[in-house]
Amino acid sequence: MQPLAKLLEAALFAASRPLPLEELASLEPGAGELALRAALDEIRSMYGEEHGVELVEIAEGWQFLTRREYAETIERAQFALRPRRLSPAALETLAIIAYRQPVGRLEVDEIRGVDSGAVIDKLLERGLIEVVTRGAGLGRPLLYGTTPSFLEILGLKDLEDLPRLEELSVALRRPTPIDEPE
Amino acid sequence: MREQAGFVVELEKFSGPLDLLLHLIREDEVDITDLPVAKIADQFLAVINELGLNQAADYLEMAARLLRIKAQLLLPRRLGDDEWEDPRAELVRRLLEYQQIRELVDWLGHAADVRAERFGRGYEAPPPDAPPAPLHIDLNDVLAAAERVIALMPDPNLHHRVVPRPLDVEGATARINALLAEREQFAWSDVVGPAATIVDVLSAFIALLELAKRSSLTLSQQEPFGPMVITRATPREAA
């Protein structure tokens, strides 16, 4: 095992969150991106199928995670518990924000057909979305976007991992402009 | 409603009026783009009839929208009228868009479930429940709250509580009309009876005002806070 791979392995073991490439690069300023990626590949293939944990690319970074098949046993022993599931209302709101970001509350309400203020507050509190900017319209409404935590709880590498709209069975033929009159 | 409930729908299951609409559309296996608005509107109204008013606003708004579209579809239109736009178009667009969101919800939910089966290092048990936000209250709030609680406390001498029910203005109107047919003049106490509830009083009062407006009777009082006298109006006075 290369020294760089060992170093990265130690850092990833020590961290309790996904570490992005830029942060890993700070461990060894001389190493280029290619060398870092090669080291990560080495770690990943070393863990391969032979270990109970594996190196996973998630939330624009890398993290050691346990294998899925042990979830139930670990949970039964209460060493760790699965997080509570998000409500359909929360997932709806997240879906809209993920695809339309930056997006304001009014548009989320419009699409869902219900007031989404409380749901948005909860998602903000959980750190799954954040205020990214303010809109140009009346009252300069807050516009929301998703955070790395959003990618993390869904196990996504980045937003590109989300299904493309045209892959859905009910793809819209025509996108809806935001300022479309009622 | 309960006896005729062919389908029982719990609204808690739905995340909004669009969700409920989609559910009805799927049950009926109809084409969204050729929405049978009249039928769907009736079903929608039947479902929200059971609804408590406080959560109903969004559903009622959708019900009103459905009825407007239904009405627009009933209006005759000239043949070859190119200007005519299907009044359902906007609703259909929203439904399709919402359906897409629902599909994404399934996808996201599944992704979250899969991710939840892998644990990272440094596991921390989730807090049992989000701690309640610190209270900002002053003495007046406390006093007002105490008053509300005291008002809610049942009277120990009370043996029976009358369940509040909606105003029955029609019933009161019928009762007053019966009295009018029988007598030229009568008192307020004849209308409401000796043991009137607040609902009876309100119903009777609204009915009296309405009948007075229609010139079916006249209301008079000899002195402030004196007994109210109800007099049958002479036929020629009736509008």
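**Figure 1. Contact between chain B and chain A in the predicted model.** The contact between the two chains draws 32 residues from chain B and 39 residues from chain A, in a model that is predicted. On the side of chain B that touches chain A, at least two residues each come from α1 (17-28), α3 (57-74) and α4 (89-116) of chain B. Of the elements of chain B, α4(B) gives the most to this side, with 17 residues. By residue type, the side of chain B that touches chain A divides into 18 nonpolar, seven polar and seven charged residues.

**Figure 2. The nonpolar cores.** The largest nonpolar core has 56 residues, and those with the most contacts inside it are A:L94, A:A95, A:I97 and A:F150. When residues up to four places away in sequence are not counted, A:F150 touches A:L94, A:A98, A:L128 and A:I129.

Figure 3. Helix α8 of chain B, residues 198-213, has 16 residues and reaches 22 Å from its first C-alpha to its last, which is close to the 22 Å expected at 1.5 Å a residue. The buried residues of α8(B) are B:S203, B:A204, B:A207, B:L208 and B:L211. Seen down the axis of α8(B), these buried residues fall within an arc of 135 degrees, so they line one face of the helix. On the other side of α8(B), by contrast, B:I198, B:L209 and B:K213 are exposed. The cover over the buried residues of α8(B) includes α6 (169-182), α7 (188-192), β2 (217-221) and β3 (228-232), which belong to chain B. After α8(B) comes B:S215, whose phi is positive, near 60 degrees.

**Figure 4. Strand pairing in chain B.** Strand β1 of chain B, residues 185-187, pairs with β3(B) in the antiparallel sense over three bridges, and the bridge partner of B:A187 in β3(B) is B:V229. The pairing of β2(B) with β3(B) is likewise in the antiparallel sense, over five bridges, and here B:L217 has B:R232 of β3(B) as its bridge partner. In the hairpin of β2(B) and β3(B), six residues lie between the strands, and B:F225 takes a positive phi near 65 degrees.

**Figure 5. Helix α2 of chain B and its buried side.** Helix α2 of chain B, residues 37-48, has 12 residues and spans 16 Å from its first C-alpha to its last, close to the 16 Å expected at 1.5 Å a residue. The buried residues of α2(B) are B:V37, B:I40, B:A41, B:Q43, B:F44 and B:V47. What covers the buried residues of α2(B) includes α1 and α3 of chain B.

**Figure 6. An open sheet in chain A.** Three strands of chain A form an open sheet in the order β3-β5-β4, with antiparallel pairing. The edge strands are β3 (103-104) and β4 (129-134) of chain A, each of which pairs on one side only. Strand β5 of chain A, residues 142-146, is joined to β3(A) by two bridges, and the two strands run antiparallel. In β5(A), A:L143 is the bridge partner of A:G104.

**Figure 7. Overall content of the two chains.** The secondary structure of chain B comes to eight helices and three strands, with its elements running α-α-α-α-α-α-β-α-α-β-β from the N terminus on. Buried residues make up 17% of the 239 residues in chain B, and of the contacts in chain B with a separation of 6 or more, 57% are accounted for by residues 24 or more positions apart. Chain A comes to eight helices and five strands, and from the N terminus on its elements run α-α-α-β-β-α-α-β-α-α-β-β-α. Of the 182 residues of chain A, 27% count as buried, and among contacts in chain A between residues at least 6 apart in sequence, 49% join residues at least 24 apart.

Conventions: Residues are numbered from 1 along each chain as its sequence is written. Chains are lettered from A and ligands numbered from 1 in the order in which they are written. This is a predicted model: local features need pLDDT of at least 70, side-chain atom pairs count only at pLDDT 80 or more; totals for chains, interfaces and linings use all residues. Helices (H or I, at least four residues) and strands (E, at least two) are DSSP runs, numbered from the N terminus. The expected span of a helix is 1.5 Å times one less than its number of residues. A residue is buried if 20 or more other C-beta atoms lie within 10 Å of its own, exposed if 12 or fewer, and partly exposed in between; C-beta atoms are placed from the backbone. The arc is that of the directions from the helix axis to the C-beta atoms. Two residues are in contact if their C-beta atoms, placed from the backbone, lie within 7 Å. Ala, Val, Leu, Ile, Met, Phe, Trp, Tyr, Cys and Pro count as nonpolar, Asp, Glu, Lys and Arg as charged, and the others, Gly among them, as polar. A nonpolar core is a set of buried Ala, Val, Leu, Ile, Met, Phe, Trp, Tyr and Cys residues joined through C-beta atoms within 7 Å. Two strands pair if DSSP finds at least two bridges between them.
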